[in-house]
Amino acid sequence: MAPDLEASVLEVTQPRPEITVLTLNRPDKLNALSFELVEALHGALDAIAVDNTCSVVVLTGAGRGFCSGLDLTAPNPPDAAGGTEFPRSGMRWQERIADLTAKIHRLRQPVIAAVNGVAYGGGFGIALACDIRIASASARFCTQFIKLGLGGCDIGVSYTLPRIIGAGPAFDLILTARAVGADEALRLGIVSRLVEASVTDEALSIAETLCGYGKFGVESTKQVLWANLEASSLEAALHLENRSQILASTSGEMREAAAAVLRKT
């Protein structure tokens, strides 16, 4: 991993070479997105994208929250302007934050969001971009944007949330910006598991499970799942699945997995 990432805002650890844990580390600000944190996340995601050893990513927050969204004490940081003036500077900063969700989406590796405490605004958007979301009992989710006098759709939420929970509930949460607790988040399908103990430990357990599967199989599964959310028909989805299966069968992983199964029988 890149050695120059600023440890004060983002911790990058690897409990084993195949698993990378990204911990947003501004606990005094509930891990709000500052310019430094956004840039550190971009750097980490870029490094992971070319790390052929890493198989799974866990994303979480330090302290009492996952991420409370944009740091409102510096909503338009000068360093993000690139020498331009508003509104061009604002658009550059807006696009830079929003591209975090696209980078998570584009990663070959599955990303598990371990949500502890609040995931509001941009923090909610980042969690929604992940492939698996699990939560502690303290987790709370809120789009928040419209409460700040902005449009209710930001950092990909208008794309991801309806696909995860359906259009009706998504319209409710985005337009009203009401907060959703952990139990309701599970019922709606925002998260797939609630964790009584350490949410990060549970995420690492899931990561260990994924590491037990073939790398090509895991990567292609993530790609097919996201691609087929946009499939125009069942036939189109089947064509993509069929090609992925045949490609996977040529990687050698299938032979190894089948031999392991046969040894147990």
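Here Ala, Val, Leu, Ile, Met, Phe, Trp, Tyr, Cys and Pro count as nonpolar, Asp, Glu, Lys and Arg as charged, and the others, Gly among them, as polar. The structure described below is a predicted model.

Strand E6 (132-136), helix H4 and helix H8 (215-228) each contribute at least two residues to the lining of the second largest pocket, and the largest share, six residues, comes from H8. By class, this lining holds eleven nonpolar, three polar and four charged residues.

**Cavities**

| Cavity | Volume | Lining by class |
|---|---|---|
| Largest cavity | about 60 Å³ | nine nonpolar, no polar and no charged residues |
| Second largest cavity | about 50 Å³ | four nonpolar, two polar and two charged residues |

Leu22, Leu41, Leu45, Val57, Leu59, Leu100, Ile104, Val111 and Ile126 line the largest cavity, and the elements that give two or more residues to this lining are H1, E3 and H2. The second largest cavity is lined by Ser55, Leu210, Cys211, Tyr213, Gly214, Lys215, Val218 and Glu219; here the elements that give two or more residues are helix H7 (199-211) and H8. With three residues, H8 gives the most to the lining of the second largest cavity.

**Helix H4**

Helix H4 covers residues 157-165, and within this helix Val157, Thr160, Leu161 and Ile165 are buried. These residues lie on the same side of H4, because they cover an arc of only 95 degrees around the axis. The buried residues of H4 are covered by elements that include helix H3 (122-129), helix H5 (167-176) and helix H6 (182-188). Just after H4, Gly166 takes a positive phi of about 100 degrees.

**Salt bridges**

The model has 13 salt bridges by count. In one of them, the side chains of Arg26 and Asp71 meet at 3.1 Å, N to O. This pair links distant parts of the chain, 45 residues apart, since Arg26 belongs to the loop between strand E2 (19-24) and helix H1 (35-49), while Asp71 belongs to the loop between strand E3 (56-61) and H2. Both Arg26 and Asp71 are buried.

Asp172, Arg178, Glu184 and Arg187 are linked in a network of salt bridges. Within it, Arg178 meets the side chain of Asp172 at 3.6 Å, N to O, and the side chain of Glu184 at 2.8 Å, N to O. Buried residues have under 20% relative accessible area and exposed residues over 50%, with partly exposed residues in between. Asp172 therefore counts as partly exposed, at 31% relative accessibility, and Arg178, with a relative accessible area of 30%, is partly exposed as well.

Technical notes
Residues numbered from 1 in each chain as written. Predicted model: local features only at pLDDT ≥ 70, side-chain atom pairs only at ≥ 80, totals over all residues. Heavy atoms only, no water. Buried < 20%, exposed > 50% of the residue type's maximum accessible area, 1.4 Å probe, protein only. Helix = DSSP H or I, 4+ residues; strand = E, 2+ residues; numbered from the N terminus. Arc of directions from axis to C-beta. Contact = heavy atoms within 4.5 Å. Salt bridge = Lys/Arg side-chain N within 4 Å of Asp/Glu carboxyl O. 1 Å grid on protein atoms, 1.4 Å probe; cavity = no way out; pocket = protein on both sides within 12 Å on 5 of 7 lines; lining within 4 Å. Points joined across faces, edges and corners; volume = space filled by probe spheres on them.
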